[in-house]
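These are my notebook entries from one sitting with a structure. I wrote down what I looked up, in the order I looked it up.

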Amino acid sequence: MKLPIAPPIAPMLAKLREEMPTGEGWLYEPKWDGFRAIVWRDGSEVSIQSRDTRPIDRYFPELVEPLCAALPDRCVVDGEIVVAGPEGLEFDALLLRIHPAQSRVKMLAQQTPASFVAFDLLAEGADSLMETPFSERRTRLEGGLPDPDPEGRALESASGRSIVFLTPQTADPVTARNWFDQFENVGLDGIIAKEESIHYLPGERAMVKIKHRRTADCVVGGFRMNKTNDGIGSLLLGLFDGAGVLHYVGHTSSFKAPERRRLLGELRELEGEGGFGSGRTPGGPSRWTGGRDTTWVALRPELVCEVSYDHMQGDRFRHAATFVRWRPEKPARECGFEQLGTRTQ
């Protein structure tokens, strides 16, 4: 490819804030729940790079044709790969696309086709736009893509097929707050705020993200040791289903070193059966764990803690939860899936 920017390049990232920044010069976009991707296109040649700078185009062959149809002939575009279903974004379906067997990739490309949401233009033709203010990059990107869809109808259009579209954008914080609330039911993560004058800064957390965060009371059904084996590494969290079976839903590891050592001594007294034995258990080694030690110690399901989390993946926390506080007054049996507003097992 003969482009002014050669792959790989680290994408510009966002830092988390509790409140949305306001004032002159801020622009807002929905935060898409998918795989971050940078696309290089030079005529009929297309290359797609992941957030960790690895090539991933082999996993999404169905995107090549729509990318060639929608993007400028020679360009580098930053965006997000998503899978849209009848009720919104389907991150579980997206995860399944990263598979070593090409035959399965081809099958899934037909069954759950991915789409690409464009939100930044890094190069066009012979021009690198890395030093160009974001508002100008956005204007040039708008010139070659369908109009943005502030009502979220693009997700309905993408359901069952592969399309390329431009993310909505607004300078009005009231509209952005409405998006924050209205787009949640189709699986969007929150809002991204960008300064209109910012250059593209690879690898730097130069944008702002505001995410949906919730809390849940969970049973501590086990723990993993830390790397030095002198304290806990993470608490393994569970919730009861309607039949009274405890299921693993995620973990929290937000503790300082002294707390890890202290907790190990306290949790030893709860070691025993009755935790995750009958329900979903913490996973063992897989292609996602990268050879890490995944052994864990079972605990009697008596200890309850409150954690905050940002998003659900089915009936599990997508990311590690953040420890908030202990709930010694709450019976473990009252920690069920119904508090999440999601279906029970």
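Which residues does Cys218 touch, not counting residues up to four places away in sequence? I am working from a predicted model. I found that Cys218 touches Leu237, Gly238, Leu239, Val249, Leu303, Val304, Cys305, Val307, Phe317 and Cys335.

Entry on the cores. I looked up the largest nonpolar core and found 33 residues in it. Cys218 is among those with the most contacts inside this core, along with Ile232, Leu235, Leu237 and Phe317. The elements that give two or more residues to the core are S12, S13, strand S14 (246-252), helix H7 (257-268) and strand S16 (304-309). S13 gives the largest share, six residues. I also noted another core, which lies apart from this one and has 30 residues, including Leu67 and Val105.

Entry on aromatic rings. My search of the whole structure gave nine aromatic pairs. I wrote down Trp32 and Phe165, an edge-to-face pair with 5.6 Å centre to centre and 70 degrees between the planes. This pair links distant parts of the chain, 133 residues apart: Trp32 is in the loop between strand S2 (26-31) and strand S3 (35-42), and Phe165 is in strand S9 (residues 164-166). Trp32 has a relative accessible area of 7%, so I marked Trp32 as buried. Phe165 is buried as well, with 6%.

Next I took Tyr248 and Phe276. Their ring centres are 5.8 Å apart and their planes stand at 85 degrees, so I put the pair down as edge-to-face. Tyr248 is in strand S14, while Phe276 is in the loop between H7 and strand S15 (297-298), 28 residues apart. Tyr248 is buried at 12% relative accessible area, and Phe276 is buried at 1%.

I then found Phe35, Phe60 and Phe91 linked into a cluster by ring pairs. The charged end of Arg318 sits over the ring of Phe91, 3.6 Å from the ring's centre.

Entry on the backbone. Most residues other than glycine have a negative phi, and most peptide bonds are trans, so I looked for exceptions. Thr53 has a positive phi, near 65 degrees, and is found in the loop between strand S4 (45-50) and helix H1 (64-70). Asn229 has a positive phi near 60 degrees and is in the loop between strand S12 (214-225) and strand S13 (232-240).

Is Asn229 buried or exposed? Asn229 is exposed, with a relative accessible area of 53%, whereas Thr53 is partly exposed at 32%.

Last, I noted that the peptide bond from Pro7 to Pro8 is cis, with omega near 0 degrees. Pro8 is in the segment before strand S1 (13-16).

Note on methods
Residues numbered from 1 in each chain as written. Predicted model: local features only at pLDDT ≥ 70, side-chain atom pairs only at ≥ 80, totals over all residues. Heavy atoms only, no water. Helix = DSSP H or I, 4+ residues; strand = E, 2+ residues; numbered from the N terminus. Buried < 20%, exposed > 50% of the residue type's maximum accessible area, 1.4 Å probe, protein only. Core = buried A, V, L, I, M, F, W, Y, C linked by side-chain atoms within 4.5 Å. Contact = heavy atoms within 4.5 Å. Phe/Tyr/Trp six-rings, centres within 6.5 Å; stacked < 30°, edge-to-face > 60°. Lys NZ or Arg CZ within 6 Å of the ring centre and 35° of its normal.
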